[in-house]
Amino acid sequence: MTFRPLHDRILVRRIEAEEKTAGGIIIPDTAKEKPQEGEVIAIGTGARDESGKLVPLDVKVGDRILFGKWSGTEIKLNGEDLLIMKESDVMGVIENAAALKKAA
């Protein structure tokens, strides 16, 4: 089954956080918080402005994003836990550090 979000909504898969701290302490599942980082799986066509013109989204499929702790609506699609959220809930896109070093 495929899913296409409408308007300015995006479909996001959470990216799991590390299971160890920087000091090497293993964090049990019960103490973990839900990750606030994810990968965009699908996007809508965009929002409409006051004049009715279509405004495309800034994020694209494959982007790694940061979002708020309580952002989005959790759904289960094909046995996988995903989030649907508006583009306005996205705080930013994580750029690849290796690509940034190469450009510099």
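Visitor: In which sense do strand β6 (residues 73–77) and β7 pair?

Guide: This is a predicted model, in which local features need pLDDT of at least 70, side-chain atom pairs count only at pLDDT 80 or more, and totals for chains, interfaces and linings use all residues. Residues are numbered from 1 along each chain as its sequence is written, and side-chain values use heavy atoms, with hydrogens and water left out. Strands (E, at least two residues) and helices (H or I, at least four) are DSSP runs numbered from the N terminus, and two strands pair if DSSP finds at least two bridges between them. Strand β6 and β7 are joined over 5 bridges, and the sense is antiparallel.

Visitor: In what order do the elements of the protein run from the N terminus?

Guide: The protein has 1 helix and 8 strands. Read from the N terminus on, the elements are β-β-β-β-β-β-β-β-α.

Visitor: What share of the contacts with a separation of 6 or more comes from residues 24 or more positions apart?

Guide: A contact requires heavy atoms within 4.5 Å. For contacts in the protein with a separation of 6 or more, the share from residues 24 or more positions apart is 63%.

Visitor: Is Gly44 buried or exposed?

Guide: Gly44 is located in the loop between β2 (37–43) and β3 (47–48). Not counting residues up to four places away in sequence, Gly44 touches Pro5, Leu6, His7, Arg9 and Leu57; the contacts of Leu57, on the like basis of leaving aside neighbours within four places, include Gly44, Ile43 and Gly46. Because its relative accessible area is 9%, Gly44 is buried.

Visitor: How many residues apart in sequence are the parts tied together by Asp8 and Lys86?

Guide: A salt bridge is a side-chain nitrogen of Lys or Arg within 4 Å of a carboxyl oxygen of Asp or Glu; Asp8 and Lys86 form one, with their closest N and O atoms 3.7 Å apart. Asp8 is buried at 17% relative accessibility, whereas Lys86 is partly exposed at 33%. Asp8 also contacts residues including Gly46, Ala47 and Met85, neighbours within four places in sequence being left aside. Because Asp8 lies in the segment before β1 and Lys86 in strand β7, the parts tied together are separated in sequence by 78 residues.

Visitor: Which residue is linked with Arg13 and Glu39 in a network of salt bridges?

Guide: Arg13 and Glu39 form a salt bridge whose closest N and O atoms are 3.7 Å apart. Arg13 lies in strand β1 and Glu39 in strand β2, so the pair ties together parts that are 26 residues apart in sequence. Arg13 is partly exposed at 30% relative accessibility, and Glu39 is partly exposed at 30%. The network that holds these two residues also contains Glu80.

Visitor: Are Asp81 and Lys76 buried or exposed?

Guide: Asp81 and Lys76 form a salt bridge, with the closest N and O atoms 3.4 Å apart. Asp81 has a relative accessible area of 54% and Lys76 one of 59%. Because these values are over 50%, each counts as exposed.

Visitor: How many salt bridges does the count come to?

Guide: The pairs include Asp8 with Lys86, Arg13 with Glu39 and Asp81 with Lys76. By the rule stated above, the count of salt bridges comes to 7.

Conventions. Buried means under 20% relative accessible area, exposed over 50%, partly exposed in between (1.4 Å probe, protein chains only).
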